[in-house]
Amino acid sequence: MPEPTEDLFSTDAYLRTFEAVVADVDPDGHRVALSRTAFYPGGGGQPADRGAVVWDGGTAQVAKVGKDKGVIWHQLEEGDPLPDPGTELEGTLDWDRRHLLMRTHTALHILCGVIWADFGVAVTGGNMEPGKGRLDFELDAMSAELGERAEKRMNDEIAAAREILVEFVGREAADADPALIRTKANLIPAFIDPLRVIDIRGLDKQADGGTHVATTAEVGRVEVTKTESKGKANKRIRLAVHDA
Ligand SMILES: [Zn+2]
């Protein structure tokens, strides 16, 4: 097993190219582990990145990325060459896709924040793809009007251009923070210390491993595309992200 991979996306979501050394090669899985990476391996509803790696004498598309025991594996496109261990290479993200995922992921935090502010209910589930996402809430009732209101509230928060900070918060402080308690951060295993916290100033705060934009303005414009009842105390809002 190679060393845990140094991840670059946790501290710099805007990094789109990086240099690294091939730490391990798994020929059966047609995948490589790198000394460091900007490729997000997926998690928390955010899909893994795609892109390419280039080295002296070779180039390969990154088809799939995943994390196993701290090691981030980059599965290369079938038929593309595998670099040898120790090879220096340059990785490049499919940035259009990743940036749209950052906008979409941030839009879901904004939705979470406005529903909490208006109804005081928590999220029960969610998912996203580039440009589209959904969240489920512990709401008693759902209506088209509620969806329209949520859309307006979200676009107002986008217009407010709230700053979004990435912070690493010590566990004791995190477990005592009411904003983090409501998003159930206290259920995260205690050995994870500090917690990585995404703070949309004045709106929403969550322990989160994903990638987000730097201000709400960068999301663009949000449209609520559908409201659904998925059962008692489980109501779904679907949204789409558009350019401003
Ligand atoms: Zn997030």
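Mentor: A pocket here is an open set of grid points where a 1.4 Å probe fits, with protein on both sides within 12 Å along at least five of seven lines. Its volume is the space filled by probe spheres set on those points. Keep in mind that the model is predicted.

Start with the largest pocket, which holds about 760 Å³ of space. Its lining is made up of 29 residues. Those nearest the centre are Gly44, Thr183, Gln206, Ala207 and Asp208. Of the contributions, the largest share is that of S9, with five residues. Sorted by class, the lining has 13 nonpolar, twelve polar and four charged residues. Both domain 1 (6-93) and domain 2 (98-242) supply at least three residues each to the lining of this pocket.

Asp208 leads on to the metal site. The zinc ion is coordinated by Asp208 through OD and by His105, His109 and His212 through their NE2 atoms, at 1.7 to 2.1 Å. The angles between the four donor atoms run from 100 to 121°, so the arrangement is tetrahedral; for that, all angles must lie between 85 and 135 degrees. Along the sequence, the spacing of the donor residues reads H-x3-H-x98-D-x3-H.

Met102 counts as buried because its relative accessible area is 0%, and the cut-off is under 20%. Between Met102 and Pro130 there are 8.5 Å in space, C-alpha to C-alpha, although the two are 28 residues apart in sequence.

Now the second largest pocket, with about 190 Å³ of space. Among the residues that line it are Asp7, Phe9, Tyr40, Pro41, Lys67, Phe168, Arg196 and Gly209. By class, the lining of the second largest pocket divides into four nonpolar, four polar and three charged residues. Here too, at least three residues come from each of domain 1 and domain 2.

How values were computed:
Residues numbered from 1 in each chain as written. Predicted model: local features only at pLDDT ≥ 70, side-chain atom pairs only at ≥ 80, totals over all residues. Heavy atoms only, no water. Donors = N, O, S within 2.8 Å, 3.2 Å for Na, K, Ca; no water. Tetrahedral: all angles 85-135°; square planar, octahedral: opposite > 155°, others 65-115°. 1 Å grid on protein atoms, 1.4 Å probe; cavity = no way out; pocket = protein on both sides within 12 Å on 5 of 7 lines; lining within 4 Å. Helix = DSSP H or I, 4+ residues; strand = E, 2+ residues; numbered from the N terminus. Nonpolar A, V, L, I, M, F, W, Y, C, P; charged D, E, K, R; others polar. Domains from an automatic or database assignment. Buried < 20%, exposed > 50% of the residue type's maximum accessible area, 1.4 Å probe, protein only.
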